[in-house]
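Trainee: I'm new to this one and would like to go through how its chains meet. Can we start with the terms as they come up?

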There are 4 protein chains.
Amino acid sequence: MVIVMDETASEEQIANVIDKVVRLGFDIYRITGMLQTLLGVVGERIVDLRDIEILEGVKRVIRISTPYKLPNRSFKAEGTVIRVGGVTIGGPEVVVMAGPSMLEDRDQIMRIAEVVSQRGARVLRAGVFASPESLYSQGGPGEKGLRLLREASDRFGLLALSEVYDSRQVATAAEYVDLMVVGGGGAQNPDLLRQAGALAIPVIIKRGTAATIEETLIAADRVMMAGNLNVVICESGIRTFEPYLRKTLDISAIPIIKKLSHLPVVAAPSEATGRRDKVPALAQAAVAAGVDGILIDVHHDPQNALADGGQALRPEQFDSLMKRLSSIARAVEREIPAPVSNATG
Amino acid sequence: MVIVMDETASEEQIANVIDKVVRLGFDIYRITGMLQTLLGVVGERIVDLRDIEILEGVKRVIRISTPYKLPNRSFKAEGTVIRVGGVTIGGPEVVVMAGPSMLEDRDQIMRIAEVVSQRGARVLRAGVFASPESLYSQGGPGEKGLRLLREASDRFGLLALSEVYDSRQVATAAEYVDLMVVGGGGAQNPDLLRQAGALAIPVIIKRGTAATIEETLIAADRVMMAGNLNVVICESGIRTFEPYLRKTLDISAIPIIKKLSHLPVVAAPSEATGRRDKVPALAQAAVAAGVDGILIDVHHDPQNALADGGQALRPEQFDSLMKRLSSIARAVEREIPAPVSNATG
Amino acid sequence: MVIVMDETASEEQIANVIDKVVRLGFDIYRITGMLQTLLGVVGERIVDLRDIEILEGVKRVIRISTPYKLPNRSFKAEGTVIRVGGVTIGGPEVVVMAGPSMLEDRDQIMRIAEVVSQRGARVLRAGVFASPESLYSQGGPGEKGLRLLREASDRFGLLALSEVYDSRQVATAAEYVDLMVVGGGGAQNPDLLRQAGALAIPVIIKRGTAATIEETLIAADRVMMAGNLNVVICESGIRTFEPYLRKTLDISAIPIIKKLSHLPVVAAPSEATGRRDKVPALAQAAVAAGVDGILIDVHHDPQNALADGGQALRPEQFDSLMKRLSSIARAVEREIPAPVSNATG
Amino acid sequence: MVIVMDETASEEQIANVIDKVVRLGFDIYRITGMLQTLLGVVGERIVDLRDIEILEGVKRVIRISTPYKLPNRSFKAEGTVIRVGGVTIGGPEVVVMAGPSMLEDRDQIMRIAEVVSQRGARVLRAGVFASPESLYSQGGPGEKGLRLLREASDRFGLLALSEVYDSRQVATAAEYVDLMVVGGGGAQNPDLLRQAGALAIPVIIKRGTAATIEETLIAADRVMMAGNLNVVICESGIRTFEPYLRKTLDISAIPIIKKLSHLPVVAAPSEATGRRDKVPALAQAAVAAGVDGILIDVHHDPQNALADGGQALRPEQFDSLMKRLSSIARAVEREIPAPVSNATG
């Protein structure tokens, strides 16, 4: 940390600050410039900068070290590769995770699982709890839905993925899924992050609508410090002044996170846009910008979907998008493998 | 709702839309303009506009009715007045709620309770759970803290207020406090809002960092529909591009919410600014703009506070702020009564 | 336009509103719902909605017609194709426009022109006026720079492109360039837009840092109404709360503008990111999302550039990016033709 | 400036950076921490940080000195007091500047001048050029309007204030007004700022819709460096995701600018809100937060105003607001003097 003293700070104020900082266990270097004094502070402890900032004569305190440790690429140069049930996230493959925003019934999830598995998705994604993103969601099927998700995933050779928003949902979901998304305000909920850190399955941390990239990596750090190193970051849109879409998918977050962190990055264009007709362009952009995976809403009958029908691709739209994504992946030296003629279906 | 058809929509597409809407139970009025056709849709049901928006030939769907009912001032012209333990929120008084961001121990809460009660606060506010707003919060005292908060409140004749972030905290907190704040991402958590709606005590809904005013009133509506009509809205800052402070306190939200809704409105300048030196100006602005109450961080020794010391006023700063707030309140025909010489202290 | 009356509006207030609107020359349709009255207003005139909104008893006024006419795709279904000096913008080709942020001297622009022409750029882009985007810009070479830009463009068979920010610069620039960018706050400057509308060359309107897509199309409309139909829209980043980069390139604006308007769309990732290392990922994303062209900063010696060196690609970086962009273009059925072995160099 | 080296930076890279910085004329202090090396750089020159940031092995460059000099309170502790034609800006008085958004004709400006002078305004404010803030503005009366503004100001003992947006308007306006506002995108236009710096009258710099406080102070610095030290900063709203009002008046900017700078600060609630019914609450908040002046739209017949009628107060509304503002000013130890019974009216 660097402490910038006021131009008008007295020698006594400077001595006080040095004293306080040394007592906190830091080494200190003083730089006396023409205009002002800087104090370079070196040490391991993490403190609230504002505790220093309120001392008399201090103008500004600047953090030098990143406020997260385990996700930091400086400490682990090679990208993290997560292997789960035969699927590799963070390798050459761009992993496609697709399915309905909300699981409705057995028939629905089976039909959609069939569709997405035939077009090359590797993960079946379905919501089962009421989502804070959707004003109209009337609750979801809960544990019953998780059981159906598990069944459909197994039948079509897919991994099962669902999303939790509240700490009461984690343990239940963990019994059924292969990957879990921590969504809604979850990346800000210290309790929830601690629970996710105790899981044995990979966790996808969704960047909050108002969260900076740095804050999202701090959330990832909390999960990792609690013991779970298999963390993936998901960009799913931030809130800006532009009103046309629900959120603005921040494509620049993809290369930024890839540089700052060794963790895999995925994107969720359906959730960000809220509109089916904008999903293909943004899915394409995300793959061109280097994502390791992509979450896409697919529904066999969106006009009659219980939730978020407007953002779900129809099977034939998903099909043509997969072809484009596959070409774009090749153009950036990645791959979306052709679907295996999966058995049981 | 009004459905705006594309300029190029065919007569068949228009007929299809009319058919779908009528089957949903709505009355429909058709307006055929030179450029395009409008369909005015009248009825009680709440539907996801996007279900209509994805129909062929539809350009845009515009909601006419507000998406919240019970907080709407159109249905209840006079402002809601909440009476709790001798304090009235929404009346002539601007209710001051003050205390530490995080309760530390018995000594701390007793000292601060004494300070704030002597300067005219009516509510003792103290955090006991780890806050998602503070990156460094290492957890809080939890239920033990609630017990101390209750004790300090009783001793100094104050109401007790604390904040919850996760549905696991609601029942515990409800045993000890007189008012509960639903904070962090809580106003987006459907579970948490439902629980708050089942409480017998008033609930303060904090606007999320990325939440519009309308979304905040929808959250209030959910609490009210679940049975708790004693809801207060809290403006505590939104995220903007301006980096100087933690958040930007949206003062304009105060008169807007007062117009749209009959619910009382309070403001939280300490949380919004994160800096003690900016709290007075913003507290003054909030009172001048018409708030019904104000939440202020006070600490007897902020330099050694466990959390958020940088945003807590010292006792003497709180004292002079209270005098100013009291004068401003009078200037806008409100009042902050002089402190009663409270007994037990 | 639809006028939504207050639930409590009196019959007299409704009659007043109808009277005012009819006097303005509109046809009116009344819809009397259970809760409130709607007035559907049909007509050609453009009025300030707020003139209606302030009438007694009016709750809200909703614009139905888009507030821009000539850029509207509803009135011209096929995309506009602009042909200028052998280059086609809006056709199958993704037109690459490259060069230095600021023209420095004859040697610099000749070297860079050679580099970009050999790698397939079609347009040489160089700033000559002080840019409001760069705090440190100390002015530019002005007209002298325009002359050098013209010379370099001619020598290497490129079109010449430069940017204006103030109405005093338009006439001068128009004497030298083939395309002109209206940048900075220019898209908000009514004077400047009128001047751009009188030009015989294509004009690229840059979306302002705080401008919505709709406002940008209104700016385009003003240029077109002033007589210049050859308008291109440029997405160059919007300001959001995320501080890592200078601006957030809004990739979703690309498919949105393509849907709302028939005008070609280009993107400027160098300006948006301000950092060379993020330019490739965002340029790739823009092409994958469907842009008609792309503006990229290239400098033969960025470490010694006078301005914006940090965001300029080095020749070899531009080279490898062009190869990737070309592959991505093919994947989305567009093309970036291989460079013609251009003579004069 | 402080240069933070990568954790993995080689000794050679560090030496290179030191070499480059020393050649730029700076002194350098090296701090070798356990994790990384910091370089403290001390000197007078202003350089583009990105020129350093792109060097190999550099992680981040942090500016220590503020990027503006003359407006900096560190170099001039007491607040600037501007005296112009008998009015003092920056003293105990909160100076009220009122009038129509757009000057229409002689009768209009005379009536409004009379109204505002009788209620205690000191400055008559009227637009004469087309404003970029108003989509519907059809141009203004230009120089003819300036002449009428001058006449009305003189007749009612007021100062004359108008706003410019383009460098072509500055010289003309300067012949007629006592104070000039640089608005729209003007605070980003280097040309315009230089011209404003050559004027002999005070200049009010409006914060841009997407400008940070720091950028606004940089714009002020440019005017001051060009020779005009009589600069006032105006907060008139920033763009956020909240759609209810045109802009969000950033009340927190008032105490922040007062702390960072010695320049006077004024606020423009009419422009920020765009709605008459929200102006009083925000004007009150601005005064309570410590502004030195306030710009308010007033019109004797807003329903028939040519522009921005929706945001103009009616005379009787202005009257009661002035009474409230006066009481609030007293509560914060400022004053709005009672109107002098001005003669000529």
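Predicted model: local features only at pLDDT ≥ 70, side-chain atom pairs only at ≥ 80, totals over all residues.

Trainee: What is the mean pLDDT of chain A?

Mentor: pLDDT is the predictor's confidence in each residue, from 0 to 100. In chain A, 95% of the residues reach 70 or more. For the complex, the predictor gives an ipTM of 0.92 and a pTM of 0.93. The mean pLDDT of chain A is 91.

Trainee: By what turn can chain A be laid on chain C?

Mentor: Copies are superposed by least squares on the C-alpha atoms of residues with pLDDT of at least 70 in both. Chain A goes onto chain C with an RMSD of 0.0 Å and a shift of 0.0 Å along the axis, by a turn of 180°. The two copies are thus related as by a two-fold rotation axis. So the turn, as by a two-fold axis, is 180°.

Trainee: Which residue of chain A comes closest to that rotation axis?

Mentor: Go by the C-alpha atoms of chain A. The one closest to the axis lies at 2.0 Å, and it belongs to A:Ala285.

Trainee: How many salt bridges are there between chain A and chain C?

Mentor: The contact (heavy atoms within 4.5 Å) takes 37 residues from chain A and 37 residues from chain C. One of the bridges joins A:Asp277 to C:Lys259, with the closest N and O atoms 3.2 Å apart. The count between chain A and chain C is 6 salt bridges.

Trainee: Which element gives the largest share of the side of chain A that touches chain C?

Mentor: Helices (H or I, at least four residues) and strands (E, at least two) are DSSP runs, numbered from the N terminus. Helix H8 (253–260), helix H10 (279–288) and helix H11 (315–331) of chain A each give two or more residues to that side. The largest share is 5 residues, and it comes from H10(A).

Trainee: Now the other pair: how many salt bridges does the rule find across the interface of chain B and chain C?

Mentor: Here 28 residues of chain B are in contact with 28 residues of chain C. The elements giving two or more residues to chain B's side are strands: E1 (2–5), E2 (27–32), E3 (37–42) and E4 (58–62). For salt bridges, the rule finds 0.

Trainee: What area do chain B and chain C bury between them?

Mentor: Buried area is the accessible area (1.4 Å probe) that two parts lose on being put together, summed over both. Carbon and sulfur atoms carry 70% of it for this pair. B:Ile31, B:Ile64 and B:Phe241 supply 23% of the area that chain B buries against chain C, more than any other three residues. The total for chain B and chain C is about 2,300 Å².

Trainee: And in chain B, which residue's C-alpha is nearest the axis?

Mentor: A rotation of 180° with 0.0 Å of shift along its axis superposes chain B on chain C. The nearest C-alpha in chain B is 2.0 Å from that axis, and it is that of B:Phe241.

Terms used: Residues numbered from 1 in each chain as written. Chains lettered and ligands numbered in written order. Heavy atoms only, no water. Salt bridge = Lys/Arg side-chain N within 4 Å of Asp/Glu carboxyl O.
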